[in-house]
Amino acid sequence: MEQPADLLGWAATVVLIATLARQIYKQHREASAEGVSTWLFVGQMTASILFIIYSALLGSTVFVVTNSLILLTAIVGQILAVRRRREQSNGSDPG
């Protein structure tokens, strides 16, 4: 059975992932990849992987799931940024 603290953690996860998903959607809709830092994504992915391992060692399902989803958003965001940069360098219309 879930502990009350776990329910709070799951609620935080929903809010965080909804926020990140919205940012990815906005990034997808933008015509430019300007201002999108590759190093931000590298740092986010590295931190997420380390937090996943840490959370697993502590036995925290909430944080394993949350950090796995954050890692997924970093990967998707990076893929979108790379695609946008390719489109811009090829001079093709992104929309």
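In helix α1, the residues D6, G9, W10, T13, L16, I17, L20, I24, Q27 and H28 are in contact (heavy atoms within 4.5 Å) with T61, V62, V65, T66, L69, I70, T73, V76, G77, L80, A81 and R84 of helix α3. The residues of this contact divide into 12 nonpolar, 8 polar and 2 charged, where Ala, Val, Leu, Ile, Met, Phe, Trp, Tyr, Cys and Pro count as nonpolar, Asp, Glu, Lys and Arg as charged, and the others, Gly among them, as polar.

The model is predicted, so that local features need pLDDT of at least 70 and side-chain atom pairs count only at pLDDT 80 or more, while totals for chains, interfaces and linings use all residues. Residues are numbered from 1 along each chain as its sequence is written, and side-chain values use heavy atoms, with hydrogens and water left out.

The axes of α1 and α3, which are lines fitted to C-alpha atoms over the stretch in contact, with angles from 0 to 180 degrees between N-to-C directions, come within 10 Å and cross at roughly 5 degrees. The two helices are therefore roughly parallel to each other, a term for angles under 35 degrees.

Helices here are DSSP runs of H or I with at least four residues, numbered from the N terminus.

| Helix | Residues |
|---|---|
| α1 | 4-29 |
| α2 | 38-58 |
| α3 | 61-90 |

Buried residues (under 20% relative accessible area, 1.4 Å probe, protein chains only) make up 24% of the 95 residues in the protein chain. In α3 they include V62, N67, L71 and Q78, and the buried residues of α3 pack against α1 and α2.

Methods. Angles under 35 degrees count as roughly parallel, over 145 as roughly antiparallel, 65 to 115 as roughly perpendicular and the rest as oblique. Buried means under 20% relative accessible area, exposed over 50%, partly exposed in between (1.4 Å probe, protein chains only).
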